[in-house]
Amino acid sequence: LKSRFISMTSHEFRNPLSSISMSVELLENFANQWNPEKRKKHLQRIQQCTTHMTNLLEDVLVIGRAEAGKLEFNPVKLNLYKFCQDLVEDVQLIAGSNYQINLNFLNDIQPVYVDDKLLRHIFTNLLSNAIKYSPEPGTVDWQVSQHNHYIHFMVQDYGIGIPPEDQARLFECFHRAKNVGEISGTGLGLSIVKRAVDVHQGKINLSSEVGVGTRFEVVLPINN
């Protein structure tokens, strides 16, 4: 497992590091000749690549703790309205203007007790995957609702979908669907999602059709 982590991270870091290096070099040599819009474009690229690598490192650390049986669960009282809106802004920044995340609260949401760090891992991964496997320009729908003692989340994309034969293994470390082609990825994200949901004593379900899209539904108890 350790050797696979090393191989995967070295491969996944290569492209963003190259992009950062190129943008820094261009800014160093030509920034005083460019208009503000062009300078901003390269600064945003650096920020996007840095965020991507930070998220990747976080994923590796979470999986490492989970494999060692040391994944902590620290529930706090959380305002889901603010949490979800802030997360959409963060993911939207990485996704860029060619993708739109539509966040909808279907009813009144009371403050809930959840582990906010694990919740961030769950939905950063689900939303990022939804964008990654959708055509450009693309739309992702995120719905949140509260029913009795449970909070329900639904993330729906309209992308490439997941073949039926891959769906049963989707939450295994390093497993990726056979139709991802050249789309980069670690195969860790959904494994982290499943473990974080399990720690909350929640449930996750998926439905997907190739060429149509994928829907993930997460149900978490309100008070853990």
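# Why these words fit this model

Student: Why does Asn 125 count as buried?

Tutor: Its relative accessibility is 9%, and buried means under 20%. The value falls below that cut-off, so Asn 125 counts as buried. Keep in mind that this is a predicted model.

Student: Where is Asn 125 found, and what is it in contact with?

Tutor: Asn 125 is found in helix α4. Leaving aside neighbours within four places in sequence, Asn 125 is in contact with Asp 59, Gly 189, Ile 192 and Val 193.

Student: What makes α4 largely enclosed by the rest of the structure?

Tutor: Count the buried residues: they make up 12 of the 17 in α4, so the helix is largely enclosed. Among them are Leu 118, Ile 122, Phe 123, Asn 125 and Ala 130.

Student: How do you know that the span of α4 agrees with what a helix should have?

Tutor: Helix α4 covers residues 116-132, which is 17 residues. The expected span is 1.5 Å times one less than the number of residues, which gives 24 Å for α4. The end C-alpha atoms of α4 are 24 Å apart, so the two values agree.

Student: Okay, on to helix pairs. How are two packed helices described?

Tutor: By the angle between their axes and the distance between the axes.

Student: Then what are the values for α2 and α4?

Tutor: Their axes come within 12 Å and cross at roughly 125°. That makes α2 oblique to α4, because 65 to 115 degrees would be roughly perpendicular and over 145 roughly antiparallel. The crossing is left-handed. Where they meet, Asn 55, Glu 58, Asp 59 and Val 62 are on the α2 side, with His 121, Thr 124 and Asn 125 on the α4 side.

Student: Is Glu 67 buried, exposed or partly exposed, and how do you know?

Tutor: Glu 67, which lies in α2, has a relative accessible area of 41%. Buried is under 20% and exposed is over 50%, so Glu 67 comes out as partly exposed.

Student: Why is His 175 called buried?

Tutor: His 175 lies in the loop between α5 and α6. Its relative accessible area is 14%, and the cut-off for buried is under 20%, so His 175 is buried.

Student: What makes the pairing of the His 175 and Asp 166 side chains a polar contact?

Tutor: The distance is 3.1 Å. A polar contact is a pair of N or O atoms within 3.5 Å, where one must be able to donate a hydrogen and the other to accept it. Beyond four places in sequence, His 175 is in contact with residues including Asp 166, Arg 169 and Gly 187.

Notes:
Residues are numbered from 1 along each chain as its sequence is written. This is a predicted model: local features need pLDDT of at least 70, side-chain atom pairs count only at pLDDT 80 or more; totals for chains, interfaces and linings use all residues. Side-chain values use heavy atoms; hydrogens and water are left out. Helices (H or I, at least four residues) and strands (E, at least two) are DSSP runs, numbered from the N terminus. Buried means under 20% relative accessible area, exposed over 50%, partly exposed in between (1.4 Å probe, protein chains only). Contact means heavy atoms within 4.5 Å. Axes are lines fitted to C-alpha atoms, for helices over the stretch in contact, and angles run from 0 to 180 degrees between N-to-C directions. Angles under 35 degrees count as roughly parallel, over 145 as roughly antiparallel, 65 to 115 as roughly perpendicular and the rest as oblique. A crossing is left-handed if the near helix is turned anticlockwise from the far one by less than a right angle, and right-handed if clockwise.
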